[in-house]
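Visitor: Could you put the model up so we can go through it?
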Amino acid sequence: MHDKPVALVTGANKGIGHAIAKELAARGYTVLVGSRDLARGEAAAKQIAGDARAIALDVTNADSIAAAAARIRRELGRLDVLVNNAGIVKSGAQSGVTVEEIVQSGRPSVASLADVREVFETNVFGVIAVTQAMLPLLREAPAGRIVNMSSSLGSLTLISDPATPNRSVGGVAYTPSKSALNAVTVAFAQELAGTAIKVNAACPGYVATDLNAHSGTRTVAEGAREPVRLALLGPDGPTGTFSDDAGPIPW
Ligand code: NAP
């Protein structure tokens, strides 16, 4: 078995996932930089000091997930941290679509059901599938940690409050996908409550990345703070929580 703790970050070839991978590598983890395009993952891993290795992983593809789990078992024999970071706001949103276009086409009255399904495939079903595949490896680690990258937009308490700014920008795909991800987080935390594995959801804040055409106000390093904190929780840390770096977020 590998002698250093091992972390897998999905969608780590860029954005917040890359910053999380960088931070965990700096803390001595062997970090697997998940990327659905291996070449992009390899380029991203090269930019990280420490032991960072690219791994091909498309969270919507069962064969890709199974191959990644098999490689981790063969090469490292353990998994201490899983960060389910990969996420999309809309299919094709990364190819030059403006935030305003995403908001308009995501409105509940007009959103395409195909788009809604695609967002759920990545943000919800992908997380369940990757977590199920990695659980046998996490169970073997002394203190497995699972961090799901949610969003404050997934908070039903906040989006149902008229005082919350921009509460409708997530439309009928992204926002419900993150609410569902929160419920998925609680479900895994409940089942794993009697084990050493902790499962928590993090919001990175509004971070400038491709996801929002770099309209965010925080840096990726700032966005990585809360997921990294949850990845490194000690034995007395919580499970089944939802927070950002300012504290707990209401469900
Ligand atoms: P980003 O820069 O667009 O990065 C998203 C990452 O997910 C990319 O590496 C992307 O890979 C990957 N990805 C997408 N679909 C995938 C799939 N099927 N399989 C594997 N990887 C896939 O966005 P980000 O802002 O860093 O977002 C990271 C997470 O934070 C997301 O879950 C997002 O919802 C959440 N979040 C972000 C903000 C914010 O303000 N930015 C706020 C709240 C929550 P490709 O390069 O191949 O597309």
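Visitor: Which residues are closest to the ligand, and how many surround it?
Guide: The ligand is surrounded by 30 residues, and the closest are Asn 13, Arg 40, Asn 85, Tyr 174 and Thr 209. A residue is near a molecule or strand if one of its heavy atoms lies within 4 Å of it.

Visitor: Before we go on, where do the coordinates come from, and what are the ground rules?
Guide: This is a predicted model: local features need pLDDT of at least 70, side-chain atom pairs count only at pLDDT 80 or more, and totals for chains, interfaces and linings use all residues. Residues are numbered from 1 along each chain as its sequence is written, and side-chain values use heavy atoms, with hydrogens and water left out.

Visitor: Which residues of helix 2 are buried?
Guide: Gly 41, Ala 44 and Ala 45 are the buried residues of helix 2, which spans residues 38-46. Viewed down the helix 2 axis, they fall within an arc of 100°, so they line one face. The arc is taken from the directions from the helix axis to the C-beta atoms. Ala 39 and Lys 46, on the other side of helix 2, are exposed. Buried means under 20% relative accessible area, exposed over 50%, and partly exposed in between (1.4 Å probe, protein chains only).

Visitor: What covers that buried face, and what caps the N-terminal end?
Guide: The cover includes helix 1 (15-26), strand 2 and strand 3. Asp 37 is the cap of helix 2, with a side-chain oxygen 3.1 Å from the backbone nitrogen of Ala 39. Helices (H or I, at least four residues) and strands (E, at least two) are DSSP runs, numbered from the N terminus.

Visitor: New topic: what is the strand order in the sheet?
Guide: The sheet is open, with eight strands in the order 3-2-1-4-5-6-7-8 and mixed pairing. Strand 3 (52-56) and strand 8 (247-248) are at the edges with a single partner strand each, so one side of each has no neighbour in the sheet. Two strands pair if DSSP finds at least two bridges between them.

Visitor: How many bridges join strand 2 to strand 3?
Guide: Five, and the two strands run parallel. Among the partners, Ser 35 is bridged to Ala 56 in strand 3.

Visitor: Where does Ser 177 sit, and what is it in contact with?
Guide: Ser 177 is in helix 7 and is buried, at 0% relative accessibility. Leaving aside neighbours within four places in sequence, Ser 177 is in contact (heavy atoms within 4.5 Å) with Val 119, Phe 120, Asn 123 and Val 124.

Visitor: What is the phi of Asn 166, and is that residue buried or exposed?
Guide: Asn 166 has a positive phi of about 55°, although not a glycine. Asn 166 lies in the loop between helix 6 (156-159) and helix 7, and is exposed at 59% relative accessible area.

Note on methods:
Polar contact = N/O pair within 3.5 Å; in protein donor to acceptor, adjacent residues only side chain to side chain.
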